[in-house]
Amino acid sequence: MPDFIKEILSSPIFLVFVILALGRAMGNLNIFNISIGPAAALVFSVAFGALLSIASNKGWYTFNSSFESQMNFLSSLGSSLFISVVGINTGYGLVGSFRKKHIFFLFVGIVMTLSSFFLMKLIDIADSDIDSSLLLGIFCGSVTSTPALSAACEAVSDNTFMVPVGYSISYLPAVIFTVMFVQLVFGKGREQKIGVYAPKFRKKEREKNSDLILQIALSAFIGVILGEISFPGTEFSIGSSGGFLAAGVLVGGFSGIFLRRKQYDFIEGASFRRLGLELFFIGQGLVSGGYFIGAIEWKSIFYGIILTIVPMIVGYIFTHILASKDKVDSACVLAGGMTSSPAIAVLQQRSENLDLTAYTSAYFGALVAVVLCVTI
């Protein structure tokens, strides 16, 4: 292989932008109202990582010695960007229109996550052959939670590279099953086709969004500090992922109060969130890709499906049977409890009468629960 081709293939900048381009193209494909969005970057990064590992084993070229550290920095940067924006959005949403029933929805999100986590622990006990780090990644992918993946990569000390491998195995089936299930629960609901969700902002609202970068930077700064603080008398800390999330909620909440905004999401935030998620996926996927093929087993896929279905059934029982008879609310809570952006996007295409705070409440409960579960 010519030397200049070896240099190009081993260039982190080249790999990152190629995967970003391919991931955006694949992620924007919409088949039967289902798209994998930013997760396409994970698919391509894992595939590239596997191919580069094979090429390296054949002696065609070798990675630069700093390649893995560069990818770790990239994933950390992406994680801080993504989780900070998620926290800021959540803070805005909780301040905007929080009512008593949303406390229950927040509780449902927590219960959904805990049901999947405890089931994962039972599988870990019952199947001594499966790698615990791989199973933890499968759990994170089954509830479609990237902040959990980030926290798990920090918390795991053995076979850390197996965590994103497990995530990539279970994530896509989880997205598909979640989108199908919430539409099944929604039924006809208050169906009204409105096209792709694109909130319109008045001039003053657009001006209020101009300080978003400042909010992200402040959230990341505070998040690093919070993540390093240990609880009194213990060595436990919430880690940088939990710190970014907590700081983002605080910054978003205070910003929502002072700016008097009630809008759950905003266009700039969606762009930053997606870019951060893609960078995180690329940094983790390129390093873990070499281990992906050997880790795929039917039981790993099966475990991921089970860990996806069980929390949705639990969430449905709590929302539709025990509390709300509103199909729309139930579907939104299930989407939030699974922290699924594709699911809520599909529901937004079907109805304009969505209570996004129901989604936000369940999302926040699930997000906090899953980050704490994988950190402890």
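## Burial and helix 8

A residue is called buried when its relative accessible area is under 20%, exposed when that area is over 50%, and partly exposed in between. By this cut-off, 19 of the 25 residues of helix 8 are buried, so the helix is largely enclosed by the rest of the structure. The model is a predicted one.

Helix 8 covers residues 162–186. At 1.5 Å a residue it should span 36 Å, and its end C-alpha atoms are 36 Å apart, so the two values agree.

## Overall make-up

The secondary structure of the protein consists of 17 helices and 0 strands. Of its 376 residues, 54% are buried. The accessible surface is about 17100 Å², and carbon and sulfur atoms account for 66% of that area.

## Salt bridges

The whole structure contains 2 salt bridges. In one of them, the side chains of Glu-278 and Arg-24 meet at 2.6 Å, N to O. Glu-278 belongs to helix 12 (residues 267–288) and Arg-24 to helix 2 (residues 12–27), so this pair ties together parts that are 254 residues apart in sequence. Glu-278 counts as buried, at 1% relative accessibility, while Arg-24 counts as partly exposed, at 33%.

Lys-299 forms a salt bridge with Asp-127, with 3.0 Å between the closest N and O atoms. This pair also links distant parts of the chain, 172 residues apart: Lys-299 is in helix 14 (residues 298–321), and Asp-127 is in the loop between helix 5 and helix 6. Lys-299 is partly exposed, at 26% relative accessibility, whereas Asp-127 is buried, with a relative accessible area of 10%.

Phe-118 lies in helix 5, which runs over residues 100–126. Its relative accessible area is 51%, so by the cut-off of over 50% it counts as exposed. Phe-118 and Leu-307 are 189 residues apart in sequence, yet their C-alpha atoms are 9.7 Å apart in space.

Phe-139 lies in helix 6 (residues 132–142) and is buried, with a relative accessible area of 0%. Beyond its neighbours within four places in sequence, Phe-139 is in contact with Thr-113, Ser-116, Phe-117, Met-120, Leu-307, Val-370 and Val-374. For one of these, Phe-117, the separation from Phe-139 is 22 residues in sequence and 7.0 Å in space, C-alpha to C-alpha.

## A buried loop residue

Thr-339 sits in the loop between helix 15 (327–337) and helix 16 (341–350). Thr-339 has a relative accessible area of 7% and is therefore buried. Leaving aside neighbours within four places in sequence, its contacts are Val-143, Thr-144, Ser-145, Tyr-359, Tyr-363, Ala-366 and Leu-367.

## A nonpolar surface patch

Four residues, Leu-218, Phe-221, Ile-225 and Ile-229, form a nonpolar patch on the surface. Together they have about 390 Å² of accessible area. Leu-218 lies in helix 10 (residues 212–228). With a relative accessible area of 40%, Leu-218 is partly exposed; membership of a patch requires over 30%.

How values were computed:
Residues are numbered from 1 along each chain as its sequence is written. This is a predicted model: local features need pLDDT of at least 70, side-chain atom pairs count only at pLDDT 80 or more; totals for chains, interfaces and linings use all residues. Side-chain values use heavy atoms; hydrogens and water are left out. Patches are made of residues with over 30% relative accessible area and no salt bridge: like charges are joined within 9 Å, nonpolar side chains (Val, Leu, Ile, Met, Phe, Trp, Tyr) within 5 Å. Accessible areas come from the Shrake-Rupley method with a 1.4 Å probe; for residues, only the protein chains shown count as cover. Helices (H or I, at least four residues) and strands (E, at least two) are DSSP runs, numbered from the N terminus. Buried means under 20% relative accessible area, exposed over 50%, partly exposed in between (1.4 Å probe, protein chains only). The expected span of a helix is 1.5 Å times one less than its number of residues. Contact means heavy atoms within 4.5 Å.
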